[in-house]
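Biologist: Hi! Could you walk me through this one?
Modeller: Happy to, here it is.

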Amino acid sequence: SVVIKDGKIDDIKIVSHGDDEPFVQKSMSVIDEILKTQSTEVDVVSGATFTGVGMKNAVADALDKAKK
């Protein structure tokens, strides 16, 4: 889930995933970078590329839905 507060991304929580836990943990830095940069245009983590891309896409999708 993505929480928007005062027009900014305030929090991101992984509600569900189908990936192995080590890949998810390795990709958590993607969430940190999205919060820091306020953008989904961030680099993914080597060794957990698919998980990181999935996280970025999920956040982008949530942001698109929030705009509607």
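Biologist: Which residues of H2 are buried?
Modeller: The buried residues of H2 are Thr51, Gly52, Met55, Lys56, Val59 and Leu63. Buried means under 20% relative accessible area, exposed over 50%, and partly exposed in between, with a 1.4 Å probe and protein chains only. They lie on the same side of H2, because they cover an arc of only 140° around the axis, taken from the directions from the helix axis to the C-beta atoms.

Biologist: And what is exposed on the other side of H2?
Modeller: Phe50 and Lys65 are exposed there.

Biologist: What do the buried residues pack against?
Modeller: Those of H2 pack against strand E1 (2-5), strand E2 (8-12) and helix H1 (21-37). Contact means heavy atoms within 4.5 Å. Helices (H or I, at least four residues) and strands (E, at least two) are DSSP runs, numbered from the N terminus.

Biologist: Where does the model come from?
Modeller: This is a predicted model, where local features need pLDDT of at least 70 and side-chain atom pairs count only at pLDDT 80 or more, while totals for chains, interfaces and linings use all residues. Residues are numbered from 1 along each chain as its sequence is written, and side-chain values use heavy atoms, leaving out hydrogens and water.

Biologist: New topic: how many residues does H2 have?
Modeller: Helix H2 (residues 49-67) has 19 residues. From its first C-alpha to its last, H2 reaches 27 Å, close to the 27 Å expected at 1.5 Å a residue; that expected span is 1.5 Å times one less than the number of residues.
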